[in-house]
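Trainee: I'd like to learn how to read salt bridges and helix faces. Can you walk me through a case?

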Amino acid sequence: MRLIYTKPKLRDLSQGSRIAFVRQFRHMSQNDLSEKLGISGECKRRTMTRYEKGERNPKDDRILILSNI
């Protein structure tokens with residue numbers, strides 16, 4: 001069985017959609033990315049979802065880590 005990779009699509013140029021695009025492009029889950037950002041606790045996936053939907057903006061130090069990823 002052969003897996004087919006489809007390139008993710010960038011919806012718009014908002015910060016959240018760019019985070020989601022790069023995360024999918026690098027084959028990372030929201031949990032993987034939140035662990036690299038140092039987000040802990042039970043709601044780390046919820047925090048990533050809010051970043052990607054634009055409901056919440058990451059702090060400056062997390063934006064720096066995101067840009068390095």
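Mentor: The rule asks for a side-chain nitrogen of Lys or Arg within 4 Å of a carboxyl oxygen of Asp or Glu. Arg 23 sits in helix H1 and Glu 52 in helix H3, so the pair ties together parts 29 residues apart in sequence. Helices here are DSSP runs (H or I, at least four residues), numbered from the N terminus. Bear in mind that this is a predicted model: local features need pLDDT of at least 70, side-chain atom pairs count only at pLDDT 80 or more, and totals for chains, interfaces and linings use all residues. Residues are numbered from 1 along each chain as its sequence is written, and side-chain values use heavy atoms, leaving out hydrogens and water.

Trainee: Is Arg 23 buried or exposed?

Mentor: Buried means under 20% relative accessible area, exposed over 50%, and partly exposed in between (1.4 Å probe, protein chains only). Arg 23 is buried at 11%, and Glu 52 counts as buried at 10%.

Trainee: How many salt bridges does the rule give?

Mentor: Two. Lys 44 pairs with Glu 35, the closest N and O atoms being 3.4 Å apart. Glu 35 is exposed, with a relative accessible area of 51%.

Trainee: Which residues of helix H2 are buried?

Mentor: In H2 (residues 30-37), they are Gln 30, Leu 33, Ser 34 and Leu 37. Down the axis they fall within an arc of 100° (directions from the helix axis to the C-beta atoms), so they line one face of the helix. The face turned away carries exposed Glu 35 and Lys 36.

Notes
Helices (H or I, at least four residues) and strands (E, at least two) are DSSP runs, numbered from the N terminus.
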